[in-house]
Amino acid sequence: MKTVIIRLKDDIYDQLKEITELENLINRHRDKTRSDDYKMEEFVVGCIMEKIEQIKQFDRLNPFMENTQQPVIKNRFKEIAKNKNIYIKDIADQLNMKPPNISKIFNNLSQPRLELFIKIWLVLGCPPLHKCIYVDEDSL
């Protein structure tokens with residue numbers, strides 16, 4: 001294992017400390033029996049690992065990489081909505097659309113244009129983009 005030393009400005013350090021404490025508070029609230037807390041270093045490593053995963057997710061879409069096939073990108077809107085107890089009918093109502101049209105998008109039978117994608121993303125509470133879309137492995 002390697003060691004990395006990072007120098008932070010005081011205000012950034014204070015923000016990082018606050019975020020780490022908030023994350024620990026949230027974790028204790030979710031699980032009352034939890035007694036362990038993240039150290040600031042562990043939180044930073046976790047954030048870096050999450051960012052690396054985000055980057056890896058989109059490596060296959062890089063147009064500068066040698067790729068003979070165009071990857072098929074699909075969405076996870078249905079799964080996200082289900083986890084948030086948001087129904088297709090509610091989304092359709094908010095977007096002034098018919099539920100079957102939203103259903104087609106949620107079941108990856110069609111993909112929305114960018115404007116509609118952003119509207120659905122907003123209705124779902126702006127989840128991280130790498131959790132909203134993925135590359136269909138069968139298309140590679």
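# Notebook: pockets, a surface patch and salt bridges

I started at Leu8, whose place is in the segment before H1; helices here are DSSP runs of H or I with at least four residues and strands are E runs of at least two, numbered from the N terminus. The model is predicted, so I kept in mind that local features need pLDDT of at least 70 and side-chain atom pairs count only at pLDDT 80 or more, while totals for chains, interfaces and linings use all residues. Residues are numbered from 1 along each chain as its sequence is written, and side-chain values use heavy atoms, with hydrogens and water left out.

**Entry 1: overall layout.** I listed the elements and found 7 helices and 2 strands, which run from the N terminus on as α-α-β-α-α-α-α-α-β. Of the 140 residues of the protein, 22% count as buried (under 20% relative accessible area; exposed is over 50% and partly exposed lies in between, with a 1.4 Å probe and protein chains only).

**Entry 2: the patch around Leu8.** I looked up the accessibility of Leu8, which counts as partly exposed because its relative accessibility is 37%. Leu8 belongs to a nonpolar surface patch of about 470 Å², made together with Val4, Ile6, Ile12 and Tyr13. Patch members have over 30% relative accessible area and no salt bridge, with like charges joined within 9 Å and nonpolar side chains (Val, Leu, Ile, Met, Phe, Trp, Tyr) within 5 Å; the areas are Shrake-Rupley values with a 1.4 Å probe, and for residues only the protein chains shown count as cover.

**Entry 3: the largest pocket.** Which residues lie nearest the centre of the largest pocket? I noted Val4, Ile6, Glu41, Val44 and Val45, out of a lining of 14 residues. The elements that give two or more residues to this lining are helix H1 (10-30) and helix H2 (40-59), and the largest share, 6 residues, comes from H2. Val4 and Ile6 are also members of the nonpolar patch that holds Leu8. A pocket here is an open set of points on a 1 Å grid over the protein atoms alone, where a 1.4 Å probe fits, with protein on both sides within 12 Å along at least five of seven lines, and lining residues have an atom within 4 Å of a point. Points are joined across faces, edges and corners, and the volume is the space filled by probe spheres set on them. By class, I recorded 11 nonpolar, no polar and 3 charged residues in the lining (Ala, Val, Leu, Ile, Met, Phe, Trp, Tyr, Cys and Pro count as nonpolar, Asp, Glu, Lys and Arg as charged, and the others, Gly among them, as polar).

**Entry 4: the second largest pocket.** I then turned to the second largest pocket, with a volume of about 160 Å³, which is lined by Arg76, Glu79, Ile80, Asn83, Lys84, Pro127, Pro128 and Lys131. Its lining has 3 nonpolar, 1 polar and 4 charged residues, and helix H3 (residues 77-83) gives the largest share, 3 residues.

**Entry 5: salt bridges.** I counted 4 salt bridges, each a side-chain nitrogen of Lys or Arg within 4 Å of a carboxyl oxygen of Asp or Glu. Among them, Asp37 and Arg28 meet at 2.6 Å, N to O; Asp37 is partly exposed, with a relative accessible area of 40%, and Arg28 counts as partly exposed at 32%. Lys89 and Asp93 form a salt bridge at 3.0 Å, N to O, and since they are 4 residues apart in helix H4 (residues 88-95), about one helical turn separates them. Glu115 and Lys119 meet at 3.3 Å, N to O, and both lie in helix H6 (residues 114-123), 4 residues apart, about one turn of the helix. Glu115 is partly exposed at 46% relative accessibility, as Lys119 is at 38%.

Entry 6: I checked Ser35 in the loop between H1 and H2, which counts as exposed because its relative accessibility is 70%; its C-alpha atom is separated by 9.5 Å from that of Asn24, 11 residues apart along the chain.
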